[in-house]
Amino acid sequence: MGIFDKLMKLDRRWVFLLLAVVCVWSYVVPFDIPIRTEPESEAIYSFIDSLPPGDIVFIAIDYDPNNLAELHPMTYAVVEHCWRKELKVIFTALSQNGPGMADQAIRDISDSLLVDKVYNGVEFKGREIIRGKDYCFLGYKPYYALIILGMGQDFRLPFPTDYYGTPLDSVEMMKGVINYDQVACVIDLSGGSITDAWISYGQGRFNFPLALGLTGVMTAQYYPYLGSGQIFGIMGGLLGAAQYEEMADNPGRAKEGMRVQLFAHLVIIFFIVVGNIGYFVTRYRQKKQKEVS
Amino acid sequence: MKRQLPFVLVFIFGLFMMFQYFVPHEISEWIYEFLLDWIVIIGIFALALGLWSLFRVSVDKIKMRKDNWGYSYITLAGLFVMVAFGFTHRVADAWGLYFIWILLSLLCLGSLMQLRAATNSRQKKMYFASALILLILSTLVAVFDDTWRFYFYTAEGLENSMFRAFFDYILLPILSTMFALLAFFIASAAYRAFRARNVLATLLLLAALLVMIRFNPWIQGDEAWASKASNWLMNVPNLAAQRAIVIGIGLGIVATALKVILGIERGYMGKG
């Protein structure tokens, strides 16, 4: 049996093993990879960076733990940027396991903001993030399309209280905040079809600036909305999150994860190329054998 | 009448929702908000139905001793435990007898399942007696330990440490691990199936390779040929195809909605 025949019959456990070794190695060995930003993610960063302190950003955490690896770093990067800029944030979580994700992110980011840090040469003093003053977490309600429509009338319609049971009228930062008209932009971080509802029922009807943070596989699907101006930016997958971290000068999970993703992709490309070489050589030999016989 | 009434209701409300979009009057807005509330309320019944369905399917699996019936106990225990901890206000060390109450309730539930699955009268009597004893014990614990107080959807209930711990340390790692395993299957499937067998397959293969390379930080950027080629792929053929799909879907939705409103499409009645 020649090498190419062996390649064609390679046990898939070897593929698994090589991928596992490469993933573990690239995670354990610390090294930096260059991240170049793209206009789609730059638009989101610039928009948030240009907002004056006190403005409200609406962040929809519409993903489950399945998409944690790609979308959680986006949440961390965007929310930390907002809070360092002293912007206020309204959170919702319209996927079933979203509230847990949002709750975890809020706790972690609040802790990281307690210390002083320097981003892009500017020093930011550490401060305590206060519920109701710096953020309001509305929580989860089923039937996301209806909730998005309802919030367009008044946030109090679908969410009379916040996630923690406080009536919205008693939440300090929500005084005078009725609906999307009072928020600077909506950023939907999503791993599913909720994004379509934000575009059709949210942006389409209420015309607010909308940006998306999506998983890598979803990104290509939403390019038409970028071209038509319905959304002003896209962060695509882990790369999008890493680009945001790069722009915010706040390296975190995404930049760390990019090492693993990069080498996993290279392994997959290697296997595709090797598989095709084996396929063509085997086909050529079979053709030759037929001609001889 | 039984068939006509739903058609009339669908026709009236369908037309109303269609025209309401263009009428920003106070009354129109009020009716619209009222209807949105109704949809959520009706939807909650569907949620209850889903829970009941999960319970029935699991119980039947245990009763019939179908393949992997043992896992149904884990499903039911997971369902019950998450609900039970979501209802309590207890945090930190103030748990008292709550864990014992949960354990007794789970054992009682298990005995009831076994009672349904029992085949002879001796077994039935045994499981009935154990379920009864466990129910009395769990009720006594609940009464004396004040376990019955429900705090769901309050700050106290949602901040209890066990509810968070179940999410952070059980659900989150399980779901993310399941998804992460896909990487291995994608690598294996790409190796076996991604072959340049004909022109279309070759085009697909090249496009996939270019887009994958696009996500490679070492060769992206405006000056790199791979980046230029993949950006062209994303912004021209991909955009054109996606636009066609989106417009097609949109027209399809309009056509289906009109068919439902006019009573041509009656699938929602369960009669095609």
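In the predicted model, strands E2 and E5 (residues 135–137) of chain A run parallel and are joined by three bridges. Within this pairing, Val89(A) has Tyr135(A) of E5(A) as its bridge partner. Strand E2(A), which spans residues 88–92, also pairs with E1(A); these two strands run parallel and are joined by five bridges. Two facing pairs can be named here: Phe58(A) stands opposite Ile90(A) in E2(A), and Val57(A) stands opposite Val89(A).

Five of the five residues of E2(A) are buried, so the strand is largely enclosed by the rest of the structure. In a regular strand the side chains alternate between the two faces of the sheet. In E2(A), Lys88(A), Ile90(A) and Thr92(A) point one way, whereas Val89(A) and Phe91(A) point the other way, and all are buried. A corresponding description applies to E1(A): seven of its seven residues are buried, so this strand too is largely enclosed by the rest of the structure. Ile56(A), Phe58(A), Ala60(A) and Asp62(A) point one way from E1(A), while Val57(A), Ile59(A) and Ile61(A) point the other way, and all are buried.

E1(A) also pairs with E6(A), in the parallel sense, over six bridges. Here Phe58(A) stands opposite Val186(A) in E6(A); in E2(A), Phe58(A) stands opposite Ile90(A). E6(A) in turn is joined to E7(A) by five bridges, and these strands run parallel. Ile187(A) has Ala211(A) in E7(A) as its bridge partner. Taken as a whole, the open sheet has six strands in the order E5-E2-E1-E6-E7-E8 of chain A, with parallel pairing. E5(A) and strand E8(A) (233–236) stand at the edges, each with a single partner strand, so one side of each is left without a neighbour in the sheet. From one strand to the next the twist averages 15°.

Several helices of chain A pack on or beside these strands. Helix H3 (residues 39–49) of chain A lies across E1, E6, E7 and E8 of chain A, and runs at about 120° to E8(A). H5(A) packs on the sheet as well, touching E1, E2 and E5 of chain A, and its direction makes about 130° with that of E1(A). Helix H7 (residues 194–206) of chain A has as its buried residues Ile194(A), Thr195(A), Ala197(A), Trp198(A), Ile199(A), Gly202(A) and Gln203(A). An α-helix has 3.6 residues a turn, so residues three or four places apart point the same way. The buried residues of H7(A) pack against strands E1 (56–62), E6 (185–190) and E7 (210–214) and against helices H6 (144–153) and H9 (223–227) of chain A. Just after H7(A), Asn207(A) takes a positive phi of about 60°.

The contact between the two chains takes 45 residues from chain A and 45 residues from chain B. On the side of chain A that touches chain B, at least two residues each are supplied by H2, H4, H5 (98–112), H6, H9 and H11 (253–292) of chain A. H11(A) gives the most to this side, with 12 residues. One helix pair across the chains was described in detail. Two packed helices are described by the angle between their axes and the distance between the axes. The axes of helix H2 (residues 12–28) of chain A and helix H8 (residues 182–193) of chain B come within 9 Å and cross at roughly 130°. H2(A) and H8(B) are therefore oblique to each other, and their crossing is right-handed. The contact is made by Arg12(A), Val15(A), Phe16(A) and Leu19(A) of H2(A), together with Ala183(B), Phe184(B), Ala187(B), Ser188(B) and Tyr191(B) of H8(B).

Positive phi values were also found in loops. Asn120(A), a residue other than glycine, has a positive phi near 45° and is found in the loop between strands E3 (117–119) and E4 (122–124) of chain A. With 9 other C-beta atoms within 10 Å, Asn120(A) is exposed. In chain B, Asn68(B) has a positive phi of about 55° although it is not a glycine. Asn68(B) lies in the loop between helices H2 (26–63) and H3 (70–86) of chain B, and is exposed, with 7 other C-beta atoms within 10 Å.

Conventions
Residues are numbered from 1 along each chain as its sequence is written. Chains are lettered from A and ligands numbered from 1 in the order in which they are written. This is a predicted model: local features need pLDDT of at least 70, side-chain atom pairs count only at pLDDT 80 or more; totals for chains, interfaces and linings use all residues. A residue is buried if 20 or more other C-beta atoms lie within 10 Å of its own, exposed if 12 or fewer, and partly exposed in between; C-beta atoms are placed from the backbone. Helices (H or I, at least four residues) and strands (E, at least two) are DSSP runs, numbered from the N terminus. Two residues are in contact if their C-beta atoms, placed from the backbone, lie within 7 Å. Two strands pair if DSSP finds at least two bridges between them. Axes are lines fitted to C-alpha atoms, for helices over the stretch in contact, and angles run from 0 to 180 degrees between N-to-C directions. Angles under 35 degrees count as roughly parallel, over 145 as roughly antiparallel, 65 to 115 as roughly perpendicular and the rest as oblique. A crossing is left-handed if the near helix is turned anticlockwise from the far one by less than a right angle, and right-handed if clockwise.
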